[in-house]
Amino acid sequence: MPRLHALELVPDETGRDSVLRDWQALRDAGLPSQLDHKGMTNTPHVTLVAAPALSDHALDQARDLLGALLPVRARTSGLLLLGGPRVTVARALDVDDDVVHAVLRLRALVDGPQHDSWLPHISLGRRVPRAEVGRAIEVLGHRDVELSLTGLRRWDPDNGTVTPFP
């Protein structure tokens with residue numbers, strides 16, 4: 001499988017701290033947590049699109065379509081379970097329709113996206129055994145938090161760089 005380039009929204013410091021508290025709660029409970037991921041891109045984020053390549057046109061459009069909408073207000077709206085025998089636990093996000101439309105327009109410009117559609121979320125823990133899902137839900141609770149997504153960035157795995165968009 002090719003390494004995937006990504007465009008992502010990142011929260012402000014308050015939002016980052018909120019997500020890091022969830023990551024720490026999972027770790028403290030002995031559950032898989034995004035804190036266990038040691039990659040340079042491991043910071044709370046919302047992936048807009050991931051694909052084998054991102055064209056210059058798509059990058060320009062990302063700046064135009066989403067840069068104008070920043071900061072994006074997002075409200076956590078429950079937990080998601082994604083996957084098979086081991087799941088990703090994530091917080092679902094409600095975002096304004098303008099953001100959804102902009103992301104869908106952007107995704108239409110990208111060849112071979114990893115997923116056919118967009119489900120706004122922030123991952124909290126990956127590869128959680130199904131037998132531990134109940135405990136993860138108990139640890140994380142069901143609190144709603146409003147996040148301010150203030151930055152747009154690109155992950156380029158070929159060059160090993162994370163580039164914020166101005």
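This is a short walk through one protein chain, from its overall build down to a few single residues.

Okay, ground rules. What you see is a predicted model, where local features need pLDDT of at least 70, side-chain atom pairs count only at pLDDT 80 or more, and totals for chains, interfaces and linings use all residues. Residues are numbered from 1 along each chain as its sequence is written, and side-chain values use heavy atoms, with hydrogens and water left out.

So, the overall build. We have four helices and seven strands; those are DSSP runs, helices being H or I with at least four residues and strands E with at least two, numbered from the N terminus. Going along the sequence, the order is β-α-β-α-β-β-α-β-α-β-β. The radius of gyration is 16 Å, close to the 15 Å from the globule rule for 166 residues, so the chain is as compact as a globular protein of that length. That radius is taken over C-alpha atoms, and the rule is 2.2 Å times the number of residues to the power 0.38. If you like boxes, the C-alpha atoms fill one of roughly 45 × 35 × 25 Å along the principal axes.

Now contacts, meaning heavy atoms within 4.5 Å. Take the ones between residues at least 6 apart in sequence: 78% of them join residues at least 24 apart.

On to the inside. Of the 166 residues, 43% count as buried. Buried is under 20% relative accessible area, exposed is over 50%, and partly exposed is in between, with a 1.4 Å probe and protein chains only.

Which residues have the most contacts inside the largest nonpolar core? They are L7 and L66, in a core of 40 residues. Helix α2 gives the most to this core, with five residues. By nonpolar core I mean a set of buried Ala, Val, Leu, Ile, Met, Phe, Trp, Tyr and Cys residues joined through side-chain atoms within 4.5 Å.

Let's click on L66. That one is in helix α2, and it's buried, with a relative accessible area of 0%. Setting aside neighbours within four places in sequence, L66 is in contact with L48, Q61, V99, A102, V103, L106 and L152. Then L7: not counting residues up to four places away, L7 touches a list that includes V46, L48, L106 and F165. Arginines turn up there too, R153 and R154 among the residues L7 touches.

Next, the backbone. The peptide bond from L70 to P71 is cis, with omega near 0°. P71 is in the loop between α2 (56–67) and β3 (72–83). Then there's R127, with a phi near 60°, which is a positive value in a residue other than glycine. R127 is in strand β5, residues 121–129, and counts as exposed at 58% relative accessibility.

Q114 is in the loop between α3 (97–107) and β5, partly exposed at 42% relative accessible area. Q114 and L4 are 110 residues apart along the chain, yet their C-alpha atoms are separated by 7.9 Å. And D36? That residue is in the loop between α1 (13–28) and β2 (46–51). D36 is partly exposed too, at 41%, and beyond neighbours within four places, D36 is in contact with R27 and L31.
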